[in-house]
Amino acid sequence: LLILAREQKKDNIIFRKHHIVIENHTDTITLISFKSGMKYVLPEIRNIFNQEFLKSLIPKSVSLDIRDLPDLIMDELHIIEKIIALFGNKKISIIAGKHMGFIIASSNLEDTTNLFLSLDDYVAFLKKQATTQTT
């Protein structure tokens with residue numbers, strides 16, 4: 001139990017220090033999750049979204065997962081739009097969760113990205129897209 005408690009404490013410290021989590025689910029899918037308000041994410045953006053990282057994502061399906069953001073306000077939405085602009089013409093996806101309505105009402109991201117309410121919706125989209133490309 002002591003070992004488990006120490007591991008949990010270490011995981012909690014790591015979680016608090018990292019506001020952006022990047023997961024490569026497969027060779028073709030990358031999920032970028034934002035774990036706290038965008039004001040905490042902003043200082044990490046320059047370090048993470050560099051040219052080499054963006055080039056490595058060219059052949060992949062990329063999704064921004066903002067479901068864990070506590071609240072989404074206009075200033076944070078503008079930061080998300082700037083992050084999306086870093087990808088140039090590449091159409092990326094956003095897993096919005098409870099923020100879907102705000103995004104649709106306050107921006108035109110539904111025109112430039114693929115918007116999803118849940119991770120399951122995104123996975124279903126990728127499966128459908130894969131079957132369409134193979135046929």
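The following exercises, with worked solutions, concern a predicted model.

**Exercise 1.** Determine which residues of helix 2 are buried and where they lie around the axis.

*Solution.* Step 1: helix 2 spans residues 38-48, and its buried residues are M38, V41, E44, I45 and I48. Step 2: these residues cover an arc of only 130° around the axis, so they lie on the same side of helix 2. Step 3: the other side of helix 2 carries the exposed residues K39, P43, R46 and N47.

**Exercise 2.** Identify the salt bridges of the structure and classify the accessibility of each partner.

*Solution.* Step 1: a search of the whole structure returns 2 salt bridges. Step 2: one of them joins K35 to D68, with the closest N and O atoms 2.8 Å apart. This pair links distant parts of the chain, 33 residues apart: K35 belongs to the loop between strand 2 (29-34) and helix 2, and D68 to the loop between strand 3 (61-65) and helix 4 (74-85). Step 3: D65 and R67 form a salt bridge through their side chains, at 2.7 Å from N to O. Step 4: buried requires a relative accessible area under 20%. D65, at 3%, is therefore buried. R67 is partly exposed at 32%, as are K35 at 23% and D68 at 41%.

**Exercise 3.** Describe the volume and the lining of the largest pocket.

*Solution.* Step 1: the volume of the largest pocket is about 170 Å³. Step 2: its lining consists of T28, I29, S61, L126, Q129, A130 and Q133. Step 3: by residue class, the lining contains 3 nonpolar, 4 polar and no charged residues. Step 4: helix 7 (residues 119-134) contributes the most to this lining, with 4 residues.

How values were computed:
Residues are numbered from 1 along each chain as its sequence is written. This is a predicted model: local features need pLDDT of at least 70, side-chain atom pairs count only at pLDDT 80 or more; totals for chains, interfaces and linings use all residues. Side-chain values use heavy atoms; hydrogens and water are left out. Buried means under 20% relative accessible area, exposed over 50%, partly exposed in between (1.4 Å probe, protein chains only). Helices (H or I, at least four residues) and strands (E, at least two) are DSSP runs, numbered from the N terminus. The arc is that of the directions from the helix axis to the C-beta atoms. On a 1 Å grid over the protein atoms alone, a cavity is a set of points where a 1.4 Å probe fits but cannot get out, and a pocket is an open set with protein on both sides within 12 Å along at least five of seven lines; lining residues have an atom within 4 Å of a point. Grid points are joined across faces, edges and corners, and a volume is the space filled by probe spheres set on the points. Ala, Val, Leu, Ile, Met, Phe, Trp, Tyr, Cys and Pro count as nonpolar, Asp, Glu, Lys and Arg as charged, and the others, Gly among them, as polar. A salt bridge is a side-chain nitrogen of Lys or Arg within 4 Å of a carboxyl oxygen of Asp or Glu.
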